Amino acid sequence: MSVIATRDRRPPASTNGSALAPGAASEGAGAAIPPVPFDHEELVIKRGRRSGRHVIVAVHSTTLGPALGGVRLWRYAAPTDGARDALRLARGMTFKAAAAGLDLGGGKGVICAPAGAATDGTQRRDMLLDFGDLVDSLGGRYITAEDVGISPSDLVVIRERTEHVTGMPADRGGSGDPSPSTALGVEAAMRACARERFGSSRLAGRRVVVSGLGHVGSNLARRLSLAGAELRVSDIDRERRSVADALGAEWIAPGDDLVAECDFLAPCALGGAIDASNLPLLRCEIVCGCANNQLADEALAGDLAERGILYAPDFVVNAGGLIHVHMEIRGYPEEQARRLALGTEDNLDRVLAAARDRSITPLEAARELARERLEAAGGARAAA
Ligand code: NAD
């Protein structure tokens with residue numbers, strides 16, 4: 001069965017109008033996926049003919065170009081939860097691409113894995129091939145890439161069914177791991193924040209806490225160490241302590257990291273790191289990290305501003321990864337990808353200046369700049 005919601009240029013009946021009822025989340029056990037405004041161009045849900053599992057693509061906007069966004073393989077309580085997650089994440093990708101000045105739209109894929117043990121072998125392959133067929137059926141309006149639960153070798157399988165894949169492994173002619181580009185962009189964003197808050201972009205001597213030492217966090221920590229920052233790091237995986245040791249960084253217990261006194265808090269783990277309960281306890285000057293959806297609720301951006309904490313919008317800060325996979329479509333000129341990722345500093349400068357000029361939060365300013373770009377390109381419908 002497929003359900004397709006085709007493009008509707010009317011605004012949604014309500015900006016809070018939920019496409020589907022709340023349910024289990026893909027980030028953080030038990031958390032709810034918030035309601036999603038349904039102003040998307042397309043939502044396609046199919047039950048894969050090989051795997052029998054639901055595969056989903058949400059295309060939020062193609063106003064600026066083809067909708068690019070990773071595919072997430074996750075166990076959802078119900079396929080409708082997967083669909084809502086795809087809608088939510090696709091919308092975020094529209095803003096991320098627009099704010100970064102890329103000629104890309106926003107989309108996202110979801111593969112609903114079965115409950116129980118990790119999926120591998122034939123079952124995994126079947127799901128990936130089913131997803132590849134769905135991507136191909138969209139004729140290039142959606143381009144897929146890696147996201148949570150998907151590895152580079154999974155992309156190779158999807159590529160068997162469709163050419164609309166990016167972020168392929170380097171040994172398959174792709175651009176490889178985007179994490180170094182993401183970290184490069186985050187460090188550049190930190191310089192913009194430092195200039196805004198301290199009057200100098202220098203990171204040397206700044207006290208930085210990196211929460212989450214995965215692909216991006218460990219790259220970022222290495223860069224910051226080279227830049228002379230005073231580093232403290234944390235991860236729920238104690239084996240990551242070796243990264244701290246190698247860098248000579250101080251290790252903090254997870255949980256203490258978010259409330260440590262510092263100049264920069266860099267959330268680099270999962271989404272929702274900052275919520276209403278820990279926000280009053282934060283002792284940082286600036287929040288600037290790579291994690292997607294760092295605020296459990298976007299309204300918290302206002303609370304952070306009230307507390308005098310500068311929040312650098314995550315989708316502006318972490319655009320380096322999207323830039324990286326976008327450049328692969330263009331043949332991956334590495335130097336250009338690097339230059340664009342470094343451009344995150346100027347981009348965030350503009351956002352912070354607009355926030356100052358208009359007396360709004362940087363999050364509101366980033367959304368406005370993205371919206372202006374979409375409207376100029378003829379997408380007035382784009383995102384409330
Ligand atoms: P990853 O899975 O490699 O790393 C995440 C790390 O966070 C892991 O080491 C994990 O143990 C740790 N972690 C989880 N919960 C934690 C907690 N409560 N406290 C401390 N550590 C915790 O992921 P990644 O690729 O480094 O991505 C990190 C974040 O950045 C994600 O939110 C991702 O969506 C976002 N992001 C990544 C990229 C990229 O290029 N990889 C690009 C844009 C955004």
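Here's a short tour, one selection at a time.

Before you click, know that this is a predicted model: local features need a pLDDT of at least 70, side-chain atom pairs count only at pLDDT 80 or more, and totals for chains, interfaces and linings use all residues. Residues are numbered from 1 along each chain as its sequence is written.

Colour by pLDDT, the predictor's confidence in each residue, from 0 to 100. The protein chain averages 89, and 89% of the residues score at least 70. Now select residues 1-30: the pLDDT there is below 50, though beyond near neighbours in sequence this stretch has 62 contacts in the model (a contact means two C-beta atoms, placed from the backbone, within 7 Å).

Next, pick I56 in strand β3, residues 54-61 (a strand is a DSSP run of E, at least two residues, and a helix one of H or I, at least four, numbered from the N terminus). Is I56 buried or exposed? It counts as buried because it has 28 C-beta neighbours inside 10 Å (buried takes 20 or more other C-beta atoms within 10 Å, placed from the backbone). Leaving out residues up to four places away in sequence, I56 touches V44, I45, G82, A83, A86, G109 and V110.

Now jump to strand β8, residues 230-234: 4 of its 5 residues are buried, so the rest of the structure largely encloses it. On one side, 5 bridges join it in parallel to β7, residues 207-211 (strands pair if DSSP finds at least two bridges). Click V208 to find its bridge partner in β8, L231. Then select β9, residues 250-251, which runs parallel to β8 with 2 bridges; R232 has E250 as its bridge partner there.

Technical notes:
Buried ≥ 20, exposed ≤ 12 C-beta atoms within 10 Å, placed from the backbone.
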